[in-house]
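Hi,

Here is the structure I promised to pass on. Have a look at it first, and then read on for what turned up.

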Amino acid sequence: MSSLQHVNPRVREMRVSPHSALWSLAARITQEIITGAQKPFKEVIDVSSGDPHKAGMKPISFVRQVLAVCLYPQLLEDNSLPLDVKLRAQRFLEVCDGKSVGSYTASSGSLHVRQSIAEFIMRRDAGVPSYANNIFISAGLQRALMVVVKLLASGEGETQTGVLTPIPCPHTLPMLLDEAGVMLVPYQLREDRGWAVDLEELHRALKTARGRCKPRAIYISNPGNPTGHVQDRKSIEEVIQFAAAERLFLLVDEVHQDSVYGQSKEFISYKKVLFEMGKEYSETVELVSLNSLSSACMGECGLRAGYMEVVNMDPDVMLFVDTMLCGDISTPVTGQLALDLMVNPPKPGDPSCDTYTQEILLRRATLSQNAKRAQEFLNGLPGVLEVEADVLYCQKLLEEEGVFVGAGCQHGGTTGNHHLRFCILVPPHTLEEALDRLGSFHRRLWANSCTLTKV
């Protein structure tokens with residue numbers, strides 16, 4: 001690869017997320033501060049994406065205690081640790097080859113952990129069957145999604161695989177689709193309805209795409225990333241019926257299922273609704289649902305573990321899922337064990353239950369309170385966005401105030417509006433400082449008569 005022309009054309013054609021450029025700018029400014037450069041701020045505050053621990057949120061004690069014992073089994077003799085911590089760690093070590101988390105697991109994940117996930121799904125979905133053989137553990141949600149998208153990818157030109165993709169969407173998704181060699185088929189979420197999925201828009205997007213590519217799947221994020229929209233049962237049923245009628249594979253990202261806090265809002269899984277719609281759908285619609293340790297309550301982004309459950313996938317195709325995961329040899333075992341703790345937390349009566357419950361409730365309260373505070377603050381700013389205007393805004397905010405927020409680039413959106421992506425699962429004092437700096441920046445900008453549209 002002596003020059004760019006020798007690089008894989010598919011890689012050269014991958015779109016670059018504005019978030020990547022902003023991240024590089026934030027890293028450069030941080031390094032300048034470390035080396036003594038004078039800035040009007042002492043540090044960069046990163047509220048651009050969901051990395052709660054980086055932002056200062058503390059990990060869940062039970063998770064870290066169990067992992068500590070698994071990594072250093074001599075702690076089994078430590079009487080200061082709760083008994084359920086040591087029992088859980090001991091059980092994990094028993095199912096690890098060589099009784100060590102340093103050993104490999106099956107490429108699809110530890111059977112013990114996959115069984116725990118299946119049992120969690122059955123509890124969540126009021127008894128809808130789930131089986132460990134249909135669960136695949138991977139090094140994060142993105143890895144699982146890439147495996148499935150690559151299975152779907154084929155053709156060129158009019159026969160190239162297309163994936164219906166919401167706008168706005170997770171900032172990494174367009175690059176993932178580019179890398180897999182499939183076409184992003186945008187469908188616009190309804191901002192005027194709280195970023196709802198609109199059935200007419202799905203039909204419009206599908207009709208527009210045909211002749212340019214061959215749509216084979218639809219990607220759904222519920223609760224929505226980055227919008228936070230929570231679909232109700234009727235909306236989910238409409239999407240399932242649409243997918244069935246158009247023979248589309250359902251790719252459902254449900255990683256934020258533990259983060260629903262709005263009044264009269266509840267998370268309902270696509271699988272549960274699918275199985276309540278009768279055999280016409282429950283035995284025919286192909287579905288992959290995804291979840292991850294990066295969820296708000298855990299926030300263990302760096303442990304890199306997620307899982308997917310496949311429904312109605314041909315067994316011969318499932319063999320290739322396992323084959324593709326073999327390239328990773330196995331997902332980090334500590335991440336797999338943390339997944340088990342996420343889906344099977346301490347129960348009432350266990351020594352760690354009270355502390356665990358308090359920590360989870362505190363996270364949810366912080367998330368809810370920060371959401372309300374950020375919304376009130378941002379909507380109170382004069383005339384809030386039109387490089388993209390949102391990218392320019394983020395660059396200037398980072399350079400002048402050291403606040404790193406994400407640009408809400410639309411990737412084909414048609415509303416004409418511009419948005420910011422703001423992670424709110426951070427310590428309240430961090431949020432307040434970020435909002436204070438953002439407010440100062442915005443008021444200066446407004447005083448200079450910049451024209452922006454409402455956030």
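Let me start at Arg 190: setting aside its neighbours within four places in sequence, Arg 190 is in contact with Trp 195, Ala 196 and Asp 198. Before going further, please keep in mind that this is a predicted model.

**Around Arg 190**

Arg 190 sits in the loop between β4 (183-188) and α9 (199-209). Its relative accessibility is 29%, so Arg 190 counts as partly exposed. One of its contacts, Trp 195, belongs to the loop between β4 and α9 as well. Is Trp 195 buried or exposed? At 15% relative accessibility, Trp 195 counts as buried. The backbone is worth a look there too: Trp 195 is not a glycine, yet it has a positive phi of about 70 degrees.

Now for Glu 201, which comes 11 residues away from Arg 190 along the chain, with 8.9 Å between the two C-alpha atoms. Glu 201 lies in helix α9, and with a relative accessible area of 13% it is buried. Which residues does Glu 201 touch, leaving aside neighbours within four places in sequence? They are Pro 186, Tyr 187 and Gln 188.

**Two helix pairs**

Two packed helices are described by the angle between their axes and the distance between the axes. Here are two pairs to look at in that way.

Helix α6 covers residues 111-124 and helix α14 covers residues 333-343; their axes are 9 Å apart and the packing angle is about 25 degrees. Because of that angle, α6 is roughly parallel to α14. The crossing of α6 past α14 is left-handed. On the α6 side, the residues that meet α14 are His 112, Val 113, Ser 116, Ile 117, Phe 120 and Arg 123. Their counterparts in α14 are Gln 336, Leu 337, Leu 339, Asp 340 and Val 343. By type, the residues of this contact divide into six nonpolar, three polar and two charged.

The axes of α7 and helix α13 (residues 315-325) come within 10 Å and cross at roughly 130 degrees. That angle is why α7 counts as oblique to α13. The crossing of α7 and α13 is right-handed. In α7, Arg 143, Val 147, Lys 150 and Leu 151 meet Val 317, Phe 320, Val 321, Met 324 and Leu 325 in α13. How do the residues of the contact of α7 with α13 divide? Seven are nonpolar, none are polar and two are charged.

Helix α7 runs over residues 141-152, 12 residues in total. From its first C-alpha to its last, α7 reaches 17 Å, close to the 16 Å expected at 1.5 Å a residue. Its buried residues are Leu 141, Ala 144, Leu 145, Met 146, Val 147, Val 148, Val 149 and Leu 152.

How many of the eight residues of α8 are buried? Seven are, so α8 is largely enclosed by the rest of the structure. Those buried residues are Leu 173, Pro 174, Met 175, Leu 176, Leu 177, Asp 178 and Ala 180. They pack against α1 (9-12), α7, β3, β4 and β5. After α8 comes Gly 181, with a positive phi near 85 degrees.

**Backbone details in the loops**

Where are the cis peptide bonds to look for? One runs from Ile 167 to Pro 168, with omega near 5 degrees. Pro 168 is in the loop between β3 (161-167) and α8 (173-180). Another cis bond runs from Asn 225 to Pro 226, with omega near 15 degrees. You will find Pro 226 in the loop between β5 (214-221) and α10 (233-246).

Finally, look at Ala 126, in the loop between α6 and β2 (135-138). Its phi is positive, near 55 degrees, in a residue other than glycine. Is Ala 126 buried or exposed? At 64% relative accessibility, Ala 126 counts as exposed.

Over to you, and happy browsing!

Methods
Residues numbered from 1 in each chain as written. Predicted model: local features only at pLDDT ≥ 70, side-chain atom pairs only at ≥ 80, totals over all residues. Heavy atoms only, no water. Helix = DSSP H or I, 4+ residues; strand = E, 2+ residues; numbered from the N terminus. Expected span 1.5 Å × (residues − 1). Buried < 20%, exposed > 50% of the residue type's maximum accessible area, 1.4 Å probe, protein only. Axes fitted to C-alpha atoms, helices over the stretch in contact; angles between N-to-C directions. Parallel < 35°, antiparallel > 145°, perpendicular 65-115°, else oblique. Left-handed = near helix turned anticlockwise from the far one by under 90°. Contact = heavy atoms within 4.5 Å. Nonpolar A, V, L, I, M, F, W, Y, C, P; charged D, E, K, R; others polar.
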